[in-house]
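Dear colleague,

Please find below the structure for your review. My notes on its sheet and helix packing follow.

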Amino acid sequence: MRLIFLGPPGVGKGTQAKRVCEHFSIIHLSTGDILRAEMAAESEIGQKAKSYIDNGELVPDEVLLGIMDNRLKKEDAQNGYLLDGFPRTIPQAEGLDSIMNNISHSLDGAISLTADEDELVQRLINRGLESGRSDDTPEVIRQRQKVYWNQTAPLLEYYEQKNLLKEVDGLGDIPEITERILSVLK
Ligand code: AMP
């Protein structure tokens, strides 16, 4: 099983991604987590990514495509994966198509988690109080929402045209949402 998770910041992609990965015994690849690990290690990629992340902007496509090209070739990615937070732009989606093509992988679905925007901003402000994530401040949260609607939302149409898009209501109990996701994948 090879899946993509789409949805605005705060919709619960990370939480649901972990549960869906457990269900299918596939790996969870969150580009946000990968970039935060690079920042913590103060690697070259991490240093490059930091100012974009702290301002709620997207890290350049070529950085992400380089990371994913290496990552999807690794042994542990050969039994399936769920991509959480990638792709985020049309060039990333096109790049992913060619990366996957080169290693004879095909996508099984693009799950789009949906929710009301005001609810999401409030959830993220609450998360920021606990997570200590440098980009969970009200100002950066609003910027991240804007970036989602401008740069990432066009991917809904992209995957719709490929007949891969599956929309799932992201509001409700955590287990209930997981059930909804699993049922659209049947
Ligand atoms: P996330 O944890 O998915 O919300 O990502 C946190 C931040 O990492 C984003 O606001 C971006 O700055 C950066 N980031 C994560 N994934 C990507 C991506 N696919 N393309 C560009 N930037 C990304």
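Which residues in α1 meet which residues in α9? The model is predicted: local features need pLDDT of at least 70 and side-chain atom pairs pLDDT 80 or more, while totals for chains, interfaces and linings use all residues. Residues are numbered from 1 along each chain as its sequence is written, and side-chain values use heavy atoms, without hydrogens and water.

From α1, Thr15, Gln16, Arg19, Val20, His23 and Phe24 meet Ile174, Pro175, Ile177, Thr178, Ile181 and Leu182 of α9; contact means heavy atoms within 4.5 Å. By class, this contact has 7 nonpolar, 4 polar and 1 charged residues (nonpolar: Ala, Val, Leu, Ile, Met, Phe, Trp, Tyr, Cys and Pro; charged: Asp, Glu, Lys and Arg; polar: the others, Gly among them). Helices α1 (residues 13–24) and α9 (residues 174–184) pack at about 55°, their axes 10 Å apart. Axes are lines fitted to C-alpha atoms, for helices over the stretch in contact, and angles run from 0 to 180 degrees between N-to-C directions. Helices (H or I, at least four residues) and strands (E, at least two) are DSSP runs, numbered from the N terminus.

The open sheet has 5 strands in the order β2-β3-β1-β4-β5, with parallel pairing (pairing requires at least two DSSP bridges between two strands). Its edge strands are β2 (27–30) and β5 (165–169). Strand β4 (residues 109–114) pairs with β5 over 5 bridges, and Thr114 stands opposite Asp169. Helix α9 lies across β1, β4 and β5, running at about 160° to β5.

Yours sincerely
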